[in-house]
Amino acid sequence: MASAARRRMRRSIALACAVAGAAAVVAVVWVGLQAWHARGELISASAAGSDVVSAVQAGDDTAAAAALERVQEHTRAARDAADGPVWRALEVVPWAGAQLAAVRTVADHVAAVSDDGLAPVLAAARSAAGGSIDTAALSAQRDDLAAAARVWADADSAVAGIDEGALVPPLAGAVSQARALLDGGAAVVDGVARAAVVLPGLLGSDGPRSVLVMLQNPAESRTGGGITGAFVELQVDQGAITLVRQADSTQFPYRDQPIGPVPASQTSLYGDVVGRFVQNATMTADFALSAQLASAWWAAAYGDRPDAVLAIDPLVLSALLEVHGPVALGDGTSLTADELPRRLLIDPYTTLDPEAQTAFLEDVTTRVFGALTADIRPVDWVRALAPAIADGRVSLWSADATEQAALSGSPVGGMAARVAAAGAAGFGVYLNDATGGKMDSYLSVSVDAGFASCPSVDGTTAVMRVTLSNTAPADARAWPQSMTGGGLFGTAVGDIGTLVTASAPPGAAFGGVTGEEGALLSANVVDDGRPSSAVRVNVSPGETETVELRFVLAARPADEPVIVHTPALNDVAVGGIADDACP
């Protein structure tokens with residue numbers, strides 16, 4: 001009897017286990033199907049998102065609203081599919097749980113972005129049409145845009161926290177794509193939210209404003225990008241933009257004394273030229289100082305200080321021409337986006353005399369600015385300018401304290417602001433031409449950085465290895481003085497002379513500067529709280545030189561070095577170095 005009872009119990013246990021196993025299989029299959037469904041909904045949402053962008057670009061508000069509704073439907077469906085008690089219970093299962101948690105995190109936050117992070121941005125895009133921007137509408141959207149920026153930032157942070165190494169390759173790839181989308185989108189939306197604070201006033205919502213645009217030429221590098229050799233004054237009134245006048249550097253004669261206060265640290269690093277020559281306005285990393293010096297130069301020449309100062313370079317204009325299309329010039333040719341850097345930065349200095357250079361550049365400036373200000377396309381512009389802003393090619397300063405507070409902490413705050421935003425591991429690497437010509441068209445630069453634990457040093461050594469190559473041909477020595485500098489500034493004809501400056505986090509100690517043959521003479525000063533070392537490097541055609549600038553930190557930062565460098569004409573390669581980089 002007892003034996004029969006035991007048999008019945010064993011059968012019951014076996015049946016229960018079978019039922020439980022079947023239930024587990026059903027649960028796994030169900031969750032797998034739900035995950036596949038969520039994936040399909042996210043793919044559909046992505047396609048609908050492309051429709052939103054196309055509709056906004058076409059100015060079709062009805063189609064944009066319909067496409068946004070489809071995005072929201074698909075992302076909500078993905079979020080619903082990737083949730084529930086069974087799903088969350090299986091998230092604790094080793095390996096499989098990581099896959100499910102990743103799907104749910106992406107679905108949750110993409111849905112949040114589509115629900116609360118897109119509509120305010122689209123509304124802001126509708127604030128601009130034709131040749132003007134509705135400043136009142138943009139101002140009214142400030143709070144909604146700020147909330148949208150927080151949603152994007154939260155989503156970006158959550159998806160960035162997913163360990164892609166724990167995921168199967170297809171899912172890891174999808175998470176990587178979502179991360180890139182959210183990271184780029186978060187930066188753009190944050191910029192739009194800040195713009196809603198700043199732009200209405202800058203665009204004349206309270207009355208006409210003057211904006212001085214400094215066109216930097218990176219063929220002759222300065223810390224902020226390039227020499228400030230051309231200037232355009234714009235008037236903005238209720239969103240409409242008008243070109244008032246333009247000038248070049250010849251209209252601002254050099255001075256025996258700086259036109260405005262320049263910190264002693266700047267003079268120690270760069271010499272007494274920052275405030276004495278208008279071309280050196282962006283030699284300092286502090287864009288607020290650059291803007292104030294430029295304002296003083298402009299006031300000295302024309303009587304009035306601008307309300308704001310904007311610095312851009314030809315690569316910014318090139319990005320905008322990608323959107324607008326070619327612009328007809330006075331000489332009968334058309335200027336395309338691809339041609340613009342060469343035709344503005346190289347050809348005039350190799351083929352034209354100074355008077356013809358000025359005439360040509362003024363014609364280009366008038367026609368390009370006229371075309372762009374008559375055809376404002378905010379959505380396309382934001383997308384086109386995002387890489388240029390990330391590279392530091394766009395800097396903006398306002399004389400209004402409230403507006404400037406918003407700008408100074410943003411990606412358009414200038415080099416010093418961008419380095420500060422990089423945190424405890426942020427280092428600046430600045431380039432200033434010492435040739436006196438446009439030879440930086442042929443300058444190739446790479447920066448390798450890392451932390452080293454050197455036995456002879458009490459602390460962590462930060463190493464910045466800067467390599468400069470002169471790619472000009474041997475016959476560069478026969479080029480005009482406007483290209484080579486003519487040997488007038490201490491650099492031989494055909495050579496490229498560069499002042500390389502590295503800026504370290506506050507509290508760092510100087511660790512020395514070395515070249516291929518040993519220690520080099522350098523200027524070492526604390527500039528605006530940051531230890532900075534500067535060294536002159538000379539490179540002949542076809543040659544390469546490498547210098548190492550070192551600093552000693554009390555403790556090793558959690559992150560690897562973040563290098564913020566001068567936006568050069570040619571891409572700057574940034575890499576790392578091993579921990580054995582001790583001398």
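1. The largest nonpolar core of this predicted model has 43 residues, and Val 213, Ile 312, Leu 317, Leu 335 and Phe 369 touch the most other members. Leaving aside residues up to four places away in sequence, Leu 317 is in contact with Leu 215, Ile 312, Leu 340, Val 368, Phe 369 and Leu 372. Another core lies apart from this one; it holds 33 residues, including Leu 431, Ile 496, Val 513 and Leu 549.

2. Overall, the protein chain comprises 18 helices and 20 strands. Of its 583 residues, 48% count as buried. Among contacts between residues at least 6 apart in sequence, 71% join residues at least 24 apart.

3. The aromatic pairs number 10. Tyr 254 and Phe 277 are stacked, with 5.5 Å centre to centre and 15 degrees between the planes. Tyr 254 belongs to the loop between strand S5 and helix H9, Phe 277 to the loop between H9 and helix H10, 23 residues apart. Tyr 254 is exposed, at 54% relative accessible area, while Phe 277 is partly exposed, at 27%.

4. Phe 510 and Phe 551 make a tilted pair, because their planes are at 45 degrees; the ring centres are 6.1 Å apart. Phe 510 is in strand S14 and Phe 551 in strand S18, so the pair ties together parts 41 residues apart in sequence. Phe 510 is partly exposed, at 34% relative accessibility, whereas Phe 551 is buried, at 0%.

5. Phe 231, Phe 252, Trp 297, Trp 298 and Tyr 302 are linked into a cluster by ring pairs. Arg 245 lies over the face of Tyr 302, 4.5 Å from the ring centre. Elsewhere, the charged end of Lys 438 sits over the ring of Tyr 349, at 4.6 Å from its centre.

Notes:
Residues are numbered from 1 along each chain as its sequence is written. This is a predicted model: local features need pLDDT of at least 70, side-chain atom pairs count only at pLDDT 80 or more; totals for chains, interfaces and linings use all residues. Side-chain values use heavy atoms; hydrogens and water are left out. A nonpolar core is a set of buried Ala, Val, Leu, Ile, Met, Phe, Trp, Tyr and Cys residues joined through side-chain atoms within 4.5 Å. Buried means under 20% relative accessible area, exposed over 50%, partly exposed in between (1.4 Å probe, protein chains only). Contact means heavy atoms within 4.5 Å. Helices (H or I, at least four residues) and strands (E, at least two) are DSSP runs, numbered from the N terminus. Rings of Phe, Tyr and Trp (its six-membered ring) pair if their centres lie within 6.5 Å; planes under 30 degrees apart count as stacked, over 60 as edge-to-face and the rest as tilted. A charge sits over a ring if NZ of Lys or CZ of Arg is within 6 Å of the ring centre and within 35 degrees of the ring normal.
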